[in-house]
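Reader: I would like to go through this protein at the level of residues. Could we begin with the structure itself?

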Amino acid sequence: MENINALFAEADCFVSSSVHETFSYAVAEASVYGLPVVQSNIEGTMWNAGNPSAFLFESGDAGDLAGTMEKVMAIPEDVLRNMCSTTRDNNLKQYSLEAWCDKIVDFYEKIPQ
């Protein structure tokens with residue numbers, strides 16, 4: 001789909017089952033949209049792992065993936081929505097364009113004159 005927001009609007013959850021990843025923009029986009037993220041426990045997605053709406057499963061383990069998805073489905077909708085809101089705020093604070101610009105400016109300001 002060209003419009004990722006239309007796709008996310010149809011989803012209840014985002015599953016990232018990658019076995020190798022650097023920084024997953026897909027995980028970032030889904031979490032900022034407000035979806036819970038079920039993600040494999042690989043290095044490239046661990047930046048999101050501490051968020052309340054990030055749910056880890058053992059990479060390559062379909063049974064663990066299914067079990068994790070069942071756990072997410074058992075969370076009351078209002079509780080999950082609050083968890084997703086907190087994750088969204090956390091990730092925007094860390095990874096938005098504004099946050100990136102602030103870090104670049106801070107870096108340059110620390111360079112000795």
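Author: What follows is a conversation about the fold, core, cysteines, aromatic rings and pocket of this protein. This is a predicted model, in which local features need pLDDT of at least 70, side-chain atom pairs count only at pLDDT 80 or more, and totals for chains, interfaces and linings use all residues. Residues are numbered from 1 along each chain as its sequence is written, and side-chain values use heavy atoms, with hydrogens and water left out.

Reader: How many helices and strands does the protein have?

Author: There are 5 helices and 3 strands. These are DSSP runs numbered from the N terminus, with helices being H or I of at least four residues and strands being E of at least two. Along the sequence the pattern reads α-β-α-β-β-α-α-α.

Reader: What box do the C-alpha atoms fill?

Author: Taken along the principal axes, the box is roughly 55 × 30 × 30 Å. As for sequence separation, residues 24 or more positions apart account for 40% of the contacts with a separation of 6 or more. Contact here means heavy atoms within 4.5 Å.

Reader: What share of the residues counts as buried?

Author: Of the 113 residues, 30% count as buried. Buried means under 20% relative accessible area, exposed means over 50%, and partly exposed lies in between, using a 1.4 Å probe and protein chains only.

Reader: Which residues make up the largest nonpolar core?

Author: That core has 9 residues: Val 38, Phe 55, Phe 57, Leu 65, Val 72, Ile 75, Leu 80, Met 83 and Cys 84. A nonpolar core is a set of buried Ala, Val, Leu, Ile, Met, Phe, Trp, Tyr and Cys residues joined through side-chain atoms within 4.5 Å. Strand 3 (54–57), helix 3 (62–73) and helix 4 (77–95) each give two or more residues to this core, and helix 4 gives the most, with 3. A second, separate core of 6 residues includes Phe 14, Val 27, Leu 35 and Val 37.

Reader: Let us turn to the aromatic rings. How many pairs are there?

Author: The structure holds 7 aromatic pairs. Rings of Phe, Tyr and Trp (its six-membered ring) pair if their centres lie within 6.5 Å; planes under 30 degrees apart count as stacked, over 60 as edge-to-face and the rest as tilted. Phe 23 and Tyr 25 are edge-to-face, at 5.5 Å centre to centre with 70 degrees between the planes. Phe 23 and Tyr 95 form a tilted pair, at 5.2 Å and 55 degrees.

Reader: What about Thr 45: where is it found?

Author: Thr 45 is in the loop between strand 2 (37–40) and strand 3. Thr 45 is buried, with a relative accessible area of 0%. Not counting residues up to four places away in sequence, Thr 45 touches Ser 16, Glu 21, Thr 22, Ser 24, Val 27, Gln 39 and Ser 40.

Reader: Finally, what volume does the largest pocket have, and which residues are closest to its centre?

Author: The volume of the largest pocket is about 360 Å³. Of its 16 lining residues, Asp 12, Cys 13, Pro 36, Val 72 and Leu 80 are the closest to the centre. Helix 4 gives the most to the lining, with 5 residues. On a 1 Å grid over the protein atoms alone, a pocket is an open set of points where a 1.4 Å probe fits, with protein on both sides within 12 Å along at least five of seven lines; lining residues have an atom within 4 Å of a point. Grid points are joined across faces, edges and corners, and the volume is the space filled by probe spheres set on the points.
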